[in-house]
Amino acid sequence: METITKQSPQGCNNICPTPPPLPGPAMNCRRKGSATKGNSCASTATRDLWDNLFDRGYRADVTIRTNDGGIIYAHAGVLGMASPVLRGMLKQAKGVGHKRLISIHGVQHDAVRVFIRFLYSSCYEQEEMKELVLPLLVLSHAFVVPQLKRICEQQLENSLLTLDNVVDVFQLSLLCDAPRLVLLTHRMILRNIKAVSATEGWIAMKRSHPALEKEILESMIYEEQMEKERIRKLNERKIYLQLYEAMEALVHICREGCRTIGPCDKDLKDDQKPCTYEACKGIELLVRHFAGCKLRVPGGCIHCKRMWQLLELHSRLCADSGSCRVPLCRNFKDKIKKQFKKDEMKWKALAKKILSTKRIGGEPYFLSSKSISSY
Ligand SMILES: [Zn+2]
Ligand SMILES: [Zn+2]
Ligand SMILES: [Zn+2]
């Protein structure tokens, strides 16, 4: 998990689902003071006993054939107990007397050796794990050895996943039914698509599984769209928030007055506190313009047009037009009653969006976003 985050600088945590948790704690408690076979949860003596049994093949009764004519000796009792699949294979295996012969092909000899030794002592050497983690993942899945499978998944997740092997790991985790690893590798591929698509793994996948490549590219387009949509929503919210602030500033100017402008029954003091409404300055300029403009009609000049819109919007949001001091508030309310249904829906939707940018409704001057639909 950590590795993934480090390797992919642009965090898209908002849109990516969280990977499913690993099933239970893996049993690879690291032992202190053991330089070579450092990973086991059995005591040292027990571990050595089982390792010796495997290494020496004492009274081994199974011969395992591997790739390139390799041979591994093992014990039917151990194999059968450790893996139900091996148990089945041993039942059907041919042999002379008590000696039975089975074959494990498809992965390199060393991987089978490390795999079989794990069945004895739950041990593996870190160097071997590093080199053989992928065939070990395949073997542990194919022969149903969940402890080893979990260790392989953890090793990949914590340190062994790289840009070079991520495509292979992605494909293998699909085949080996490792959903967490599928998600992590898929995410890593998407975040590093440029570098990954130049790797041998990608080129090989393109040749052998063109559908998979297509799927990845499609999911990338989808994620990009999601990101765009997220930014669009963020910008939209920003606009509604600005409108809300403009509405607040308008009420504030018309009630208390600000700096140079205000209701005629109030004297503005020079030593007034600095205004807390950020939108106030803009609204103040607009109101001043509106008062002096010769073209003061809807659709006349762009500033006036904007003022008309703000005044109408205010009226839509206003909680009490009777006591409101914003110009034309009442007139607009009357006009609204005569307006077409279609227009009405648009205004209501806008008003709702603006009011919902503030979690607490705009009382006392504005309606609550819930009450919009009822007016
Ligand atoms: Zn102000
Ligand atoms: Zn004007
Ligand atoms: Zn009003």
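## Elements and overall make-up

Helices here are DSSP runs of H or I with at least four residues, strands are DSSP runs of E with at least two, and both are numbered from the N terminus. By that rule, S368 falls in the segment after α16, the helix at 341-356.

The model is predicted. Its protein chain holds 16 helices and four strands. Buried residues account for 27% of the chain's 375 residues. Take the contacts between residues at least 6 apart in sequence: 61% of them join residues at least 24 apart.

## The nonpolar cores

The largest nonpolar core has 50 residues. Seven of them touch the most other members: L79, F115, I116, V133, L136, V166 and V169. Helix α5, residues 109-121, supplies the largest share of this core, with eight residues.

F115 reaches beyond its own stretch of sequence. Setting aside neighbours within four places, F115 is in contact with L136 and L139. A second core is separate and has 26 residues. Its members include M247, C254, V287 and L317.

## Helix α12 against helix α13

Helix α12 spans residues 210-255, and helix α13 spans residues 280-292. Their axes come within 9 Å and cross at roughly 60°. An angle of 65 to 115 degrees would count as roughly perpendicular, and one under 35 degrees as roughly parallel. The pair α12 and α13 is therefore oblique. The crossing of α12 past α13 is right-handed.

Which residues meet in this pair? From α12 come A246, A249, L250, H252 and I253. They meet C280, I283, E284 and V287 of α13. Sorted by class, the contact of α12 with α13 has seven nonpolar residues, one polar and one charged.

## Helix α8 against helix α11

Helix α11 covers residues 200-208. α8 and α11 pack at an angle of about 45°, and their axes are 7 Å apart. That angle makes α8 oblique to α11.

V167, D168 and Q171 are the α8 residues at this contact. G201, W202 and M205 are their partners in α11. By class, the contact of α8 with α11 has three nonpolar, two polar and one charged residues.

## Positive phi in two loops

V144 is not glycine, yet its phi is positive, near 50°. V144 sits in the loop between α6 (126-142) and α7 (146-160). Is V144 exposed or partly exposed? V144 has 14 within 10 Å, so V144 is partly exposed.

D177 is another non-glycine residue with positive phi, here near 55°. D177 is placed in the loop between α8 (166-175) and α9 (179-191). Why does D177 count as exposed? Because D177 has 10 C-beta neighbours inside 10 Å.

## The segment after α16

Back to S368, in the segment after α16. S368 has 14 other C-beta atoms within 10 Å, so S368 is partly exposed. How far apart in space are S368 and K352, C-alpha to C-alpha? The distance is 8.4 Å, and 16 residues separate S368 from K352 in sequence.

Terms used. Residues are numbered from 1 along each chain as its sequence is written. Chains are lettered from A and ligands numbered from 1 in the order in which they are written. This is a predicted model: local features need pLDDT of at least 70, side-chain atom pairs count only at pLDDT 80 or more; totals for chains, interfaces and linings use all residues. Axes are lines fitted to C-alpha atoms, for helices over the stretch in contact, and angles run from 0 to 180 degrees between N-to-C directions. Angles under 35 degrees count as roughly parallel, over 145 as roughly antiparallel, 65 to 115 as roughly perpendicular and the rest as oblique. A crossing is left-handed if the near helix is turned anticlockwise from the far one by less than a right angle, and right-handed if clockwise. Two residues are in contact if their C-beta atoms, placed from the backbone, lie within 7 Å. Ala, Val, Leu, Ile, Met, Phe, Trp, Tyr, Cys and Pro count as nonpolar, Asp, Glu, Lys and Arg as charged, and the others, Gly among them, as polar. A nonpolar core is a set of buried Ala, Val, Leu, Ile, Met, Phe, Trp, Tyr and Cys residues joined through C-beta atoms within 7 Å. A residue is buried if 20 or more other C-beta atoms lie within 10 Å of its own, exposed if 12 or fewer, and partly exposed in between; C-beta atoms are placed from the backbone.
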